[in-house]
Amino acid sequence: MKTSVPSVGKLALHSGIELVLTSVLLFGITTIVRFVIAPSPVSRRLPGIHLELLIVSAAVALLLAGLIISGLGKLSGGHMNPAISLAMWRFGVFPAAGLAPYIAAQLLGSVFGVVVARLLWGPVVEQPPVFYAVIQPAPFWSTAPLFAAEAIGMGLIVFVAGYCLSIPQLAPLVPFVMGILIGLGIALLGTSTGGSLNPARQFGPAVVSGHTDELWVFLIAPMVGAEIAARLRQALQTHRQVLTHRLCGTLPEGRPLDEQSGKTSPIPNPAA
C-alpha cells in the first residue's frame with residue numbers, strides 16, 4: 001500500500017496535535033506519580049509500592065485510551081509514541097514525510113508536559129521520589145536486559161495493534177488494548193526496568209531532570225522492537241493489510257472501517 005504525500009499545512013497541524021497530546025500525556029503521568037508515589041493524601045492511604053504501581057498503571061491506561069479516542073487523537077492518529085509512528089509507516093498506512101515531524105513533536109511535547117507539571121505542582125516534582133517522573137531501572141538491570149525488555153515489550157504492543165487494525169471488528173478496541181498493554185507494562189516492570197515502552201515517555205523526564213545515562217536505551221530499544229514486530233506481522237498476516245494509522249480505528253475522514261467486507265476503499269491520504 002502506498003500513501004500519498006500530505007500537504008505541508010496538514011502535516012504541520014497534525015504534528016502540532018501530536019505535540020499537544022504527548023504534552024498532556026506526560027503532564028498526566030508526572031501528575032499521577034506526584035500524587036500516588038510522592039507524599040500526598042492519596043499515597044498516605046496506600047500500603048506499599050506494588051499497590052501504588054497498580055494505581056499508576058490503571059490511571060495511565062485510562063489517560064492513554066482517553067487521549068487516543070479524543071477529538072485530537074482522532075485527527076492525528078493519537079500515536080504519542082515514536083515507535084508507533086515508525087510502525088505505522090512500516091505498515092504502509094503512514095507517509096514517510098510525516099515520520100520525522102511526528103517524532104520531533106512527540107519528543108518536544110514530552111519535555112513541555114514535564115515542565116508544565118513542574119510549574120504547576122512546584123518543587124515536589126523535582127525531588128525524590130517524583131524526580132520529574134524519570135524512569136530509573138533497578139540496579140541489577142544491566143544495559144542488555146533493559147534493552148531487550150523495552151524492545152520485546154514495544155514489539156508486543158506493535159504486533160497486537162497492527163493485528164487489530166487489520167480487522168475492522170477489532171479496530172475500535174485498539175485504544176483500550178493499547179491502554180491495557182501499557183498499564184500491564186508499568187505494573188509488571190515498574191520495580192525492575194520501569195516499563196517505559198515509549199521513547200517519548202522517558203525523553204522529557206530524562207532531559208528535564210538531567211538523568212540521561214541510559215536514555216539511549218529507552219529511545220532506541222522500542223524503535224527496534226517496533227521495526228521487528230511490524231515486519232513479523234506483515235510476514236504472518238500476508239492476507240491482511242493494516243487499514244488505518246489512526247489508533248481509534250477510523251479512516252482519515254473519520255468513517256468507521258467497513259465491518260461487512262473487512263476491506264476499505266484506498267486511503268486517499270492517511271495524514272490528511
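**An enclosed helix and its surroundings**

Helix H4 (residues 82–91) is largely enclosed by the rest of the structure, because eight of its ten residues are buried (under 20% relative accessible area with a 1.4 Å probe, protein chains only; exposed is over 50%, partly exposed in between). Helices here are DSSP runs of H or I with at least four residues, numbered from the N terminus. This is a predicted model, in which local features need pLDDT of at least 70 and side-chain atom pairs count only at pLDDT 80 or more, while totals for chains, interfaces and linings use all residues. Residues are numbered from 1 along each chain as its sequence is written, and side-chain values use heavy atoms, leaving out hydrogens and water.

The buried set of H4 comprises Pro-82, Ala-83, Ile-84, Ser-85, Leu-86, Ala-87, Met-88 and Phe-91. These residues pack against H5, H6, helix H7 (174–189), helix H8 (199–209) and helix H9 (215–236). Just after H4 comes Gly-92, with a positive phi of about 90°.

Turning to the loop between helix H5 (99–121) and helix H6 (143–165), one finds Trp-141. Leaving aside residues up to four places away in sequence, Trp-141 touches Leu-146, Ala-149, Ser-192, Thr-193 and Glu-214 (contact means heavy atoms within 4.5 Å). Trp-141 and Thr-193 are 52 residues apart along the chain, yet their C-alpha atoms are separated by 6.9 Å.

As for cysteines, Cys-164 counts as buried at 9% relative accessibility, and Cys-248 is buried with a relative accessible area of 9%. A search of the whole structure finds zero disulfides (pairs of cysteine sulfur atoms within 2.5 Å).

Key: Helices (H or I, at least four residues) and strands (E, at least two) are DSSP runs, numbered from the N terminus.
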